[in-house]
Structures are given as C-alpha cells and as structure tokens.
Amino acid sequence: MSVLITGVGVVAPNGLGLEPYWASVLAGRIGLGPVTRFDVSRYPATLAGQIDDFHAPDHVPGRLLPQTDPSTRLALTAAAWALQDAKADPESLTDYDMGVVTANACGGFDFTHREFRKLWTEGPKSVSVYESFAWFYAVNTGQISIRHGMRGPSSALVAEQAGGLDALGHARRTIRRGTPMVVSGGVDSALDPWGWVSQVASGRISTATDPERAYLPFDEQAAGYVPGEGGALLVLEDSAAAEARGRHESYGELAGCASTFDPPPGSGRPPGLERAIRLALADAGLGPEDVDVVFADGAGVPELDAAEAHAIGRVFGSQGVPVTVPKTTTGRLYSGGGPLDVVTALMSLREGVIPPTAGVRSVPGEYGIDLVLGAPRTAPLRTALVLARGRWGFNSAVVLRRPEPTS
C-alpha cells in the first residue's frame with residue numbers, strides 16, 4: 001500500500017503558504033529577527049523566527065479565538081490550507097475515515113501564561129474555562145478534528161524536534177491499518193516570556209545578534225540555534241482511496257520511516273541516528289545509493305553537528321550525498337521543523353533543485369559532508385531523506401519518493 005501526500009499547509013516565519021515559503025527558501029531569505037512580543041533585553045538570547053504577518057481573525061472562526069493559543073491558531077490554518085490543497089472536502093467524506101495525528105513540543109505556553117497571570121493577580125474566578133485544554137499537547141489534534149468532523153483514529157505525539165516526523169510515521173501506520181486519510185504534522189509557538197525562558201534554559205540557544213550569522217549548523221562558527229514558531233500540516237492518503245475520490249496528483253510518497261532513541265549517556269553505545277537512517281531506508285526497500293539528498297537535522301551545536309555528520313558519513317560515505325539544512329531560514333520550529341522539512345523536500349523532488357543552507361560559509365573538513373551552500377543546486381532527484389532529533393535522545397527519519405508521472 002502506498003501512502004501519498006496529497007496536500008500541504010505551511011505557516012513559517014519566512015512565508016505564509018507554500019509558494020511564498022518555497023520562494024524564500026530558494027532565495028535563502030532568512031525569517032529571523034529580534035523578538036518583539038515582549039522585552040528580551042535582559043535575556044542572553046534575543047533572536048527568533050517570528051511569524052509577524054499572521055492575523056488570526058482572518059483565518060480562524062471568531063468563536064475559536066477565545067479558546068486557542070497562537071500555536072493552535074497556526075495549526076488550524078495550516079490544516080485548512082492542506083485540505084484545500086488536497087481538494088478534500090471533509091463534509092463529503094465519511095467522518096470515521098479521516099483521522100488527525102499531530103505533534104507538539106511546547107504546548108500552549110502563551111495561553112497558559114496569560115491565564116496564570118490572571119490567577120496570581122485577580123484570583124481563580126478570572127481564569128478562562130478554556131485553560132483546561134488550551135495548553136495541552138493534544139489540543140491541536142482535537143481542534144482540527146472537531147473543526148473538520150474528523151472522527152477517525154487520532155493521536156498526539158511529544159518528541160521535541162523529532163515529534164513532527166514521528167507524527168507522519170504514525171499517520172502512515174494509521175492509514176495502513178485502514179483509515180483512508182489522515183491530517184498530520186506539527187506546529188509549535190512559544191514566544192512569550194515563560195516559553196522563552198524555557199527555551200533559553202536548554203543552553204543550546206544562540207546568543208548572536210546578527211540574524212544572518214546566528215544559526216549556523218555544520219559551520220566552524222556554530223554556537224547554538226535560533227528558535228522559531230510555525231510548521232506544516234499535510235494530508236496523507238492511501239493511494240487507492242485518493243484515486244477513488246478523484247485525486248490523481250500528489251506531492252510524493254511517504255515511503256519509509258523509523259524512530260530510535262539514544263542510549264543513556266556514559267553507556268559507551270553510539271547514538272541512534274544512524275540506526276534510524278538505516279531502518280527508514282530498509283522500510284522503504286532502498287539502499288543508501290538510492291538517496292539523492294539528505295535534509296539534515298542541523299542542531300547548530302558543534303558536538304551534535306559532528307555526531308550527525310558522522311552518522312551520515314557512515315551510511316553514505318564521505319561526501320557521498322548532497323546535504324542541506326533549509327531550516328536556517330526559519331529557526332528550529334520544534335515539532336513543526338520536521339514536517340516543514342518534509343514539505344521542502346517534496347518541493348525539491350518536484351522541481352529538481354536543492355535549496356541552500358543559508359548563512360553557513362565554512363564546514364570543517366572532518367565532517368566529510370557535501371553541504372549545499374550559497375545557491376540552490378539543480379540535480380535529478382527522486383528520493384529524499386529527512387532527519388530530525390529531539391532533546392533527551394529522540395531520533396526520527398523519513399524517506400520520500402517523487403510521485404510517478406501519471407499517464
């Protein structure tokens with residue numbers, strides 16, 4: 001059974017919607033800048049990938065605004081765009097034949113911080129009744145399901161930056177178990193004071209002040225990453241079901257997926273990323289020689305970059321496959337980062353072009369990777385590998401194949 005991606009919805013700091021985002025990525029247009037939603041002058045890190053041109057009332061029904069966090073509003077918008085792109089009208093489909101599987105890493109920080117402030121300053125009666133669920137990791141799955149009448153098997157996954165790819169993998173399993181269509185992916189937003197402190201506390205956030213040189217995965221000057229908000233939601237379908245409803249085109253096939261977990265520190269055992277790559281390739285029935293491009297996790301932390309570069313090298317050989325990290329234009333979007341990379345990879349396969357890793361100039365020779373720098377690289381592309389890692393040991397990999405031409 002083939003699982004196809006028939007629609008995508010993108011909400012990113014450098015573009016709302018697929019076409020604006022893709023144009024920005026190809027141009028290396030960076031959507032990073034100073035945080036403007038609160039005073040960050042007292043914090044060591046001041047840059048983020050903010051979505052500044054999103055006006056929620058233009059995209060989300062007014063009745064939902066009081067009960068949703070910014071991350072959920074972005075997720076609802078991306079889901080609606082993905083369904084529209086897939087030419088799927090939920091009202092014309094069977095409700096139990098449609099599921100929702102999303103990932104979330106931060107929860108509704110902005111919403112819950114605001115309500116906690118009311119609790120501390122005004123008392124419990126002032127707290128919104130929606131606080132009971134608006135903060136919760138599963139709320140995006142629930143709100144999308146309710147809005148579009150999707151009552152099929154649904155789930156929510158939490159695996160930090162790896163969660164978005166894990167969600168797509170779980171959506172694929174859900175389809176293989178008999179659900180014809182699943183909306184899946186991830187969106188995160190935590191650019192309020194509480195959320196910002198939690199991110200800075202990781203010790204992995206870049207303290208640079210130049211947006212062009214702040215997030216530099218695999219660069220000699222890498223010193224942390226820039227966080228962002230947004231992500232992507234995708235419509236996944238059983239190929240036969242998509243054909244039956246008249247959808248004859250797709251962005252590509254989700255051909256393989258795998259997740260692993262790193263061993264405990266000090267165990268002497270290797271990290272799990274290489275194993276995730278090999279398992280995903282085996283799941284797709286492919287070998288390393290079949291992969292045309294790798295969309296790397298690109299943590300921007302030297303020791304993590306080195307570990308990823310070496311994992312890629314052990315699978316593909318030194319300089320064995322083009323590698324890119326387009327998320328340098330958006331920042332790391334936590335659960336949204338992997339799905340957005342999947343969308344970028346699908347566009348690369350469609351157009352035969354690999355976007356550059358914006359901002360990066362000099363890669364240490366010992367990394368042994370062919371990182372695409374400076375400008376897009378044209379190439380015949382059929383298969384892409386997308387990688388993601390989360391804090392505390394999560395690893396995820398998915399393999400994408402370009403769709404076969406229709407007769």
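Visitor: What are the ground rules here?
Guide: This is a predicted model, where local features need pLDDT of at least 70, side-chain atom pairs count only at pLDDT 80 or more, and totals for chains, interfaces and linings use all residues. Residues are numbered from 1 along each chain as its sequence is written, and side-chain values use heavy atoms, with hydrogens and water left out.

Visitor: What does UniProt place at residues 1–402?
Guide: The unreviewed UniProt entry gives "domain: Ketosynthase family 3 (KS3)" there. Such annotations may be inferred rather than shown by experiment.

Visitor: How much helix and strand over residues 1–402?
Guide: The chain is 31% helix and 20% strand over that range. Its end C-alpha atoms are 16 Å apart. Helices (H or I, at least four residues) and strands (E, at least two) are DSSP runs, numbered from the N terminus.

Visitor: On to β8. Buried or exposed?
Guide: Mostly covered: nine of the nine residues in β8 (residues 230–238) are buried. Buried means under 20% relative accessible area, with a 1.4 Å probe and protein chains only.

Visitor: Which residues point which way from β8?
Guide: Gly 230, Ala 232, Leu 234, Leu 236 and Asp 238 point one way. Gly 231, Leu 233, Val 235 and Glu 237 point the other way. In a regular strand the side chains alternate between the two faces of the sheet.

Visitor: Which strands pair with β8?
Guide: β1 (residues 3–12) joins β8 antiparallel through eight bridges, with Val 8 opposite Leu 234. β7 (residues 181–188) also runs antiparallel to β8, over eight bridges. There, Gly 185 has Leu 233 as its bridge partner. Pairing takes at least two DSSP bridges.

Visitor: And why is β9 called largely enclosed?
Guide: Because eight of the ten residues of β9 (residues 252–261) are buried.

Visitor: What does Glu 253 in β9 face?
Guide: Leu 4 stands opposite Glu 253, where β1 and β9 run antiparallel with two bridges. In β16, Arg 401 is the bridge partner of Glu 253. β9 and β16 (residues 394–401) are antiparallel, with eight bridges.

Visitor: New topic. How do α6 and α11 cross?
Guide: At roughly 70 degrees, with the axes within 5 Å. That makes α6 roughly perpendicular to α11, a label for angles of 65 to 115 degrees. Axes are lines fitted to C-alpha atoms over the stretch in contact, and angles run from 0 to 180 degrees between N-to-C directions.

Visitor: Which residues meet there?
Guide: Gly 164, Leu 165 and Leu 168 in α6 meet Gly 338, Pro 339 and Val 342 in α11. Contact means heavy atoms within 4.5 Å.

Notes:
Parallel < 35°, antiparallel > 145°, perpendicular 65-115°, else oblique. Buried < 20%, exposed > 50% of the residue type's maximum accessible area, 1.4 Å probe, protein only.
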